[in-house]
Amino acid sequence: MKENYHIHTWRCKHASETEREYIEEAIKGGIKVLGFSDHSPMPFPGEYHSGIRMEMNELQDYCDTLQALKKEYEKDIEIHIGLEAEYYPQLFDGLMDFIKDYPIEYLLLGQHCLDNEYEASCVWSSVPTDNPEILKKYVDQTCEGMRTGRFLYLAHPDLACFTGDSAIYRKEMRRICCVAKEMGLPLEINLQGMYLKRHYPTPEFWEIAGEEGNDVVLGIDCHHVDMMNLPDTEQEALKLADRYGLRILNRLI
């Protein structure tokens, strides 16, 4: 792996180590292009504070820190500044307005929650369910997000953990693959999920992606420095892509 665009920082409240440590480890592993994409702040109403993302007032420090390191390490590695964001219908325009004055180079779409995170109706995408309506809502919201044209790629597209009828799963997830192809958005094979033995990457999803001819990227989704270089997991991901005839893209920026 020479490029990776999915790296988090301590600001999201569930990652650790400093940006410098991630960069040093990436250089050791031979990575040439490193994109930080920490969980985006959101303009939540009222007193709500998320436990899984940076605060609004931390974005300036995030950008300042990475811009300084970008210059310091320019001879050793190419660094880019991004964010991983959900598509929250009620908040998305406000988020785009908020980040427009910051040096954000790209956004990844990672749909961890359905509806808007602060609402009582919010459902976490990765919680197992056999309810077809929850799966449909995940697909609807993800497709709507992709169609904004604001995202570089779709992170862990198979995050939804559906335990119901396989035929329903295949029908709904095919919609994600079709919209991604329509929008020219690659789909991410998530190395963190593979390394930690989570329910994703889901072979059934990637079989559909192969049938639809989707392009893919490998994303570490790195939350800890010791996950930066995972050669065995990378080989497993390459075998998955080869099994379903998926074309892996490298340079995205």
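Guide: Start with tyrosine 5 and tyrosine 106, both of which are buried (under 20% relative accessible area with a 1.4 Å probe, protein chains only; over 50% is exposed, and in between is partly exposed). Keep in mind that this is a predicted model, where local features need pLDDT of at least 70 and side-chain atom pairs count only at pLDDT 80 or more, while totals for chains, interfaces and linings use all residues. Residues are numbered from 1 along each chain as its sequence is written, and side-chain values use heavy atoms, without hydrogens or water.

The structure has nine aromatic pairs (Phe, Tyr or Trp rings, Trp by its six-membered ring, with centres within 6.5 Å; planes under 30 degrees apart are stacked, over 60 edge-to-face, the rest tilted). Tyrosine 5 and tyrosine 106 make one of them: their ring centres are 6.0 Å apart and their planes meet at 90 degrees, so this pair is edge-to-face. Tyrosine 5 belongs to strand S1 (residues 3-7) and tyrosine 106 to strand S4 (residues 106-109), so the contact ties together parts 101 residues apart in sequence. Strands (E, at least two residues) and helices (H or I, at least four) are DSSP runs, numbered from the N terminus.

Now look at phenylalanine 44 and tyrosine 118. With centres 6.1 Å apart and planes at 75 degrees, these rings are edge-to-face too. Phenylalanine 44 sits in the loop between S2 (33-39) and helix H2 (59-72), and tyrosine 118 in the loop between S5 (113-114) and S6 (123-124), so parts 74 residues apart in sequence are tied together. Phenylalanine 44 counts as buried because its relative accessibility is 14%, whereas tyrosine 118, at 28%, counts as partly exposed. Ring pairs also bring in Tyr48, giving a cluster of Phe44, Tyr48 and Tyr118.

On to the strands, with S9 (residues 215-219) as the example. Four of the five residues in S9 are buried, leaving this strand mostly covered. S9 runs parallel to S8 (residues 187-190), joined to it by four bridges (strands pair if DSSP finds at least two bridges between them). Across that pairing, asparagine 190 has glycine 219 of S9 as its bridge partner. S9 also pairs with S10 (residues 247-248), again in the parallel sense, over two bridges. There, valine 216 stands opposite isoleucine 248 of S10.
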